[in-house]
Amino acid sequence: MSTLHGLAVGAVARICEVAEQPLRVRMTAMGLRPGAEVAMVAHGARGSRLVRVGDARLALAREVALSIEVEATRVQ
Amino acid sequence: MCSECQSGTSVIEHTLGRPVVALVGRPNVGKSTLFSRLAGVHRKMGNWPATTVEVGTSIVSIQGRDIELLDLPGTSSLSPVSPDEQLACDLVVDEGVDAVVAVVDASNIARCLYLVSQLREIQAPVVVALTMGDVADRRGIRVDVEALQRELGLPVIPVVPRSGQGVEAVRNAIASALDEPHRPHRVLHFDDLEQADERLRWVGDVMATVIDRSDERSTLTDRVDRIVTAPLLGTVVLLAVLWVVFQATTTLASPVQGALDDLINRGLGGLVSGWINAIAPASPWLRGLVVDGVIAGVGTLLTFLPVMSIMFLLLALLEDSGYMSRAAVVADHLMRVAGLPGKALLPLLVGFGCNVPAVSSTRSVGDARHRLLTGLVVPFTACSARLAVYVFVAGIFFGDRAGTVVFLMYLVSITLVVMGSMLFRLAFFRGIPREPLLIELPPYRLPTTKYVFADAWLRVKGFLQEAGGIVVSTVLIVWLLMSIPLAGGGFAQTPVADSAYGAISRAVAPVFAPAGFDDWHTAGALLTGFVAKEVVISSWAQNYALVDSTRHFNRASLSADLKRDFDRSSGGHSTAAVLAFLVFLTAYTPCVATVGAQRREFGWRWAATGVVSQLAFAWLIAVLVYQVLRLIGVS
């Protein structure tokens with residue numbers, strides 16, 4: 001297991017855990033919840049990450065990406 | 001979090017006297033385009049009463065029945081995390097609208113169904129408008145509309161707002177919904193994590209039934225996003241886009257502004273002046289009132305039209321194409337230094353061209369509190385009008401080092417934006433959380449010409465209607481003060497020094513003594529700088545009685561007068577006093593058109609707060625600059 005932040009571009013992973021934090025409800029509403037599949041689209045400035053969750057494309061700050069534990073499943 | 005709804009009575013209906021239908025949906029699902037289609041030309045954009053949240057409103061006739069249609073701010077759920085979402089939630093649940101059109105993006109259904117799952121529990125009937133079917137098709141996503149209708153238990157109408165296809169069906173569905181009785185209210189708590197999880201499981205089940213992804217293709221959006229959000233390349237792309245916006249709003253608009261100024265002030269002004277002189281030669285006050293008051297005021301207002309039009313067109317293009325959200329991602333870490341979100345970068349950069357469209361363009365910032373904070377610090381950006389004064393003053397006092405001084409003023413301006421944001425945040429916005437970046441990016445789309453022009457026109461019209469009165473009346477007041485004689489002479493025939501304006505300038509001048517420039521000519525020029533910053537130069541010339549009958553003045557004489565008076569008022573520390581003056585000019589009260597734009601966007605209270613805060617802040621900084629430079633021996 002690693003964090004979403006460490007996922008390579010093009011890799012697909014399943015979310016295992018989302019750490020407790022103020023944004024957790026919002027993250028859940030955006031689809032970032034345990035069991036959801038995420039695809040890493042791009043690595044941005046200052047550790048930000050661009051991911052695809054289902055139909056949505058989300059931009060996350062480094063600290064948000066670090067708070068999500070994932071298990072890599074495949075590469076697109 | 002919406003509170004419990006106690007009554008099915010619509011507060012809005014009582015206020016407006018007709019059934020209220022609200023368009024609700026996530027950001028970037030085509031909600032505003034659908035609103036434009038349904039509303040046609042009879043729509044208005046403006047802040048909802050007692051808030052700074054923008055809501056579109058229109059009276060629409062559907063099957064012979066007038067309804068009030070609302071385009072609510074985008075919201076992801078009925079668990080609000082910002083004032084925009086709070087207002088949407090309040091209007092839909094607590095205020096009890098009569099029907100809701102839930103706008104759902106067919107290419108992104110999963111993200112929209114969470115909100116729909118909550119809307120199914122409100123009292124008002126709900127109609128689902130399924131947009132972006134074309135985008136879903138291109139991506140190989142197939143939506144089973146009948147299955148979706150069955151799963152949701154709500155009417156689902158596929159619609160393409162850009163072409164108008166399906167819009168009539170939406171209107172018919174609204175009419176049917178308004179005849180339905182309200183349902184019993186079931187919503188109590190939305191933002192509980194367990195409940196959110198339960199809703200998402202329901203969304204997953206619905207998705208499995210209605211969506212076929214077997215033909216889904218890798219998108220071009222992914223590949224483009226890898227470029228435009230990359231650390232280095234993304235920044236280069238952003239700078240290039242901003243450069244184009246900046247150039248277009250200043251360079252392209254400039255000749256048109258000059259031509260308009262010539263046409264109105266010289267052409268029309270000269271014509272009317274000659275005409276009044278012919279029919280009423282004994283009434284110079286009439287000529288002054290009409291030409292120097294009314295025509296000059298309207299001229300000042302209209303010269304902002306080119307820059308506003310170009311700015312709003314470009315903003316609508318960037319928003320509609322989907323790039324604006326990417327720009328926010330790239331700029332996010334830069335803007336956080338000033339405690340602002342990434343989307344604030346664009347208004348601030350535009351501010352270096354002109355503060356007026358910059359204040360209006362804060363609408364792209366999104367969150368109402370961040371928008372207000374951005375709108376309050378925009379006037380600290382050194383607009384091109386101030387550049388004209390920098391160049392003129394630096395040329396007189398610093399010779400070969402003039403370029404360095406002008407550059408220094410831009411650094412001062414950037415520092416003021418950061419400091420101003422920190423101070424405003426400390427004073428008024430302590431509650432704004434410094435949330436890390438977490439936003440959804442819309443797919444790229446080809447902007448619609450009709451939508452882009454309609455959106456730009458709507459905003460320009462709003463500016464003219466709401467800021468026009470302030471600009472014209474301020475120009476009239478300045479003319480009036482300059483016309484009132486206090487030491488002999490007739491009305492509108494007195495020298496500036498002997499007018500009420502001259503007396504006020506003399507009364508104000510001592511305030512600037514601690515900053516080293518307590519000369520009335522300069523105090524008066526700063527007062528008229530409230531009308532427009534570039535007026536400072538011509539106002540100096542007027543105050544020194546150097547303007548001839550063709551409104552031209554001798555620059556060498558003005559330079560000599562300014563050097564003499566700055567040297568005298570600063571006791572020989574003219575360099576320190578001039579630098580303090582330039583800093584004051586950068587930071588003090590924005591021009592009247594900017595205040596008009598602030599009033600339009602944020603209301604009188606915030607516009608006045610901005611004016612007073614900036615005035616106090618500018619004075620303190622100018623005094624600090626002068627005193628420190630004087631102490632370290634800058635003469």
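Mentor: Start with pairing: two strands pair if DSSP finds at least two bridges between them. The model here is predicted. In chain A, strand 4 and strand 5 run antiparallel and are joined by five bridges. One residue pair to look at is A:Arg52 and its bridge partner in strand 5 of chain A, A:Arg57.

Trainee: Which residue takes a positive phi in the hairpin of strand 4 and strand 5 of chain A?

Mentor: A:Gly54, with a phi near 60 degrees; two residues lie between the strands of that hairpin. On the other pairing, strand 3 (residues 37-43) of chain A is joined to strand 4 of chain A by five bridges, again antiparallel. There A:Val38 stands opposite A:Val53. The hairpin of strand 3 and strand 4 of chain A has five residues between the strands, and A:Arg46 has a positive phi near 50 degrees.

Trainee: Why is strand 4 of chain A described as largely enclosed by the rest of the structure?

Mentor: Burial is judged by relative accessible area, with under 20% as the cut-off. Strand 4 (residues 49-53) of chain A is largely enclosed because five of its five residues are buried. Both faces are covered: A:Arg49, A:Val51 and A:Val53 lie on one side, A:Leu50 and A:Arg52 on the other.

Trainee: Which strand of chain B does strand 5 of chain A join?

Mentor: Strand 10 of chain B; four bridges link it to strand 5 (residues 56-60) of chain A, and the two run antiparallel. Within this pairing, A:Leu58 has B:Glu440 as its bridge partner.

Trainee: How is the size of an interface given?

Mentor: Often as the accessible area lost when the parts come together. For chain B and chain A that is about 3000 Å², with 58% of it on carbon and sulfur atoms. In terms of residues, 37 of chain B are in contact with 33 of chain A.

Trainee: How many salt bridges are there between chain B and chain A?

Mentor: Three. In one salt bridge the side chains of B:Asp225 and A:Arg57 meet, at 3.4 Å from N to O.

Trainee: Which helix of chain B supplies the largest share of the side that touches chain A?

Mentor: Helix 8 of chain B, with six residues. By class, that side of chain B has 17 nonpolar, six polar and 14 charged residues.

Conventions: Residues numbered from 1 in each chain as written. Chains lettered and ligands numbered in written order. Predicted model: local features only at pLDDT ≥ 70, side-chain atom pairs only at ≥ 80, totals over all residues. Heavy atoms only, no water. Contact = heavy atoms within 4.5 Å. Buried area = accessible area lost by both parts, 1.4 Å probe. Salt bridge = Lys/Arg side-chain N within 4 Å of Asp/Glu carboxyl O. Nonpolar A, V, L, I, M, F, W, Y, C, P; charged D, E, K, R; others polar. Buried < 20%, exposed > 50% of the residue type's maximum accessible area, 1.4 Å probe, protein only.
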